[in-house]
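Reader: I'm new to looking at protein models. Could you walk me through this one, a bit at a time?

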Amino acid sequence: MPTGLDKLQHIVVLMMENRSFDHMLGSLQVVDNRIDGVTDQLRNPDTTGAEVKPQPLAEFQGQLNPDPDHHFPAVDLQIFGGNTAPGRQPNMQGFVKSYFNQRGDVKHSQKIMYYFQQQDLPVLTTLALEFAVFNRWFASIPGPTICNRAFAHYGTSFGRVDMSPFDILEPYKSIYTRLVNATPKRTAKVYYYDTTSSTMEVVNLLQNQPELFGTYEQFLRDCDQGILPDYSFIEPNYNDHETDGGEQLANDQHPDHDVQAGELFIAEVYMRIKRNPKLWASTALLIVYDEHGGIYDHVVPPACPPDNFTASANNTGTGMEFKFDRLGVRVPAILVSPWISKGTVVNRVFDHASIPGTVTKFFLGDYAARSPRELNADVFIEPPSSPRADCNLLSLDSMRTDCPEFDV
Amino acid sequence: MAVIHVPRPSRKAMNPHRPISSLLLTQIGHLQHAERRLPLRYRTKIYTHAIRTEAEAAAYIYEVTEAIHQAHADAADRRAARPKGKGGRKPVAQARKPKRKGGKKVATSKKKKRSTKKK
């Protein structure tokens, strides 16, 4: 068994907001051509019929205003280019058209194709090049935040494709409930930034199991003291606010929040784990975005086995029902551990259902009461006993000593 | 490996007066849903339909999140204080007086209270 896998005790997931793979990591194609990023051949038509190329002109703030639409009908247009005919095929040709719908400004609509240069994002791009970057990690649903985050917590959105509160339907339980109810008991926590930012997992978990929640400040302390739970889920700060401790800048990277604030936050999480040698040796950190936020990506989301739910034509807003049989747009995802080879590029398909899928399989083993989508989702860490242990990303026999450090 | 510099955000990035996004609007809606299930004494007096800016959203989010934690903490206190044994139990609702008097919370929680200042 690989040493890193043997030592692994903690899985930490940091889920950021609303940026696509090409937008954040597309520039890395020229650094390492195994990374499926932006190329000269990519185009999207605007509403005049002119072809718009992706350009490295993304700005940290003030550019994507209004917030690009990423509700189900808009994402349908982005993926299928406006084709609603039976038997249609996804072509990723509707991003500029979709953004045009919000302001009616052709020039502004082209900004949806902009991406960051490597040097703009030293944290995310360094981690991607130094550890494992996923070429095929997709949002779980071609839709907005809440239903996509639900997949990360429950392995399903219980049939929702929108932002409304949802009811937990038996037999599916959150990954946190599964862990704390297990025998032997496991530990899990959702660390939200602070009570003024709170959680996007409000209605169910916070109401019923507030003991599962901690703040980011507590996460920092838990790292220092080496008492992180088996599984941690970190939420960024979702709003600009002031506390007794001073100004708290939103760091979720949701447009129009500052992207550099998010970079700093990611670096802080990484460094806090890394500064505790025992924790660093026994932790895998997944950095992932909940959905693409309406921003361009060129990879067609694949079809997938359907869930046990169907969203009605009325609920999707497209005039067509949705059986949860296609993934959402591709998002950035990076797995960090000193047991991962530098420059690992993963081409297997993942989505957010892979998160509870992996955590369950690693800490609990067989667990039947899970959604079809979760049961079908690939896992990013194989348990030591798995026959697929050779797929493990934590494959090194000795721990790396050349991992990057950031000045945070 | 050399330490990599992480550029700090511009001071202009902070804007608590920014109009709320659909995400924050949704979060407010979810918290309002949760707030309706709280006992009356824990509910805020904030009119959510009038929330326009991130600072206003933050103030509401803070109030409701704290109230949910406080309601659970108070219930745990009552549970712990409940006499054990036959016939010694009081109905939960009568076990302790409400923590809130005159619309203000009485600090009983071990948690450090953080205030949200409005600009």
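Predicted model: local features only at pLDDT ≥ 70, side-chain atom pairs only at ≥ 80, totals over all residues.

Reader: Which element of chain A gives the most residues to the side that touches chain B?

Author: The contact takes 42 residues from chain A and 39 residues from chain B. On the side of chain A, α6, α7, α9, β9, α11 and β15 each supply at least two residues. That side divides into 18 nonpolar, 13 polar and eleven charged residues. The top contributor, with five residues, is α11(A).

Reader: Which residue of chain B stands opposite Glu405(A)?

Author: Look at where strands from the two chains pair up: β15(A) and β1(B) run in the parallel sense, over two bridges. Within β1(B), the residue opposite Glu405(A) is Val3(B).

Reader: Is Gly328(A) buried or exposed?

Author: Gly328(A) sits in the loop between α13 and β12 of chain A. Leaving out residues up to four places away in sequence, Gly328(A) touches several others, including Val75(A), Phe138(A), Asn148(A) and Glu291(A). A residue needs 20 or more C-beta neighbours within 10 Å to count as buried. Gly328(A) has 27 of them inside that distance, so the label is buried.

Reader: How far apart are the C-alpha atoms of Gly328(A) and Ala139(A)?

Author: Along the chain, these two are 189 residues apart. Ala139(A) is also among the residues that Gly328(A) touches.

Reader: Which element of chain B has the lowest mean pLDDT?

Author: Chain B has a mean pLDDT of 80, with 71% of its residues at 70 or more. Over residues 91-119 of chain B, though, pLDDT stays under 50. Among the elements of chain B, β1(B) has the highest mean, 97, while the lowest, 43, belongs to β2(B).

Reader: And what ipTM does the predictor give the complex?

Author: The predictor reports two scores for the complex. The pTM is 0.93, and the ipTM is 0.94.

Key
Residues numbered from 1 in each chain as written. Chains lettered and ligands numbered in written order. Contact = placed C-beta atoms within 7 Å. Helix = DSSP H or I, 4+ residues; strand = E, 2+ residues; numbered from the N terminus. Nonpolar A, V, L, I, M, F, W, Y, C, P; charged D, E, K, R; others polar. Pairing = 2+ DSSP bridges. Buried ≥ 20, exposed ≤ 12 C-beta atoms within 10 Å, placed from the backbone. pLDDT = per-residue confidence, 0-100.
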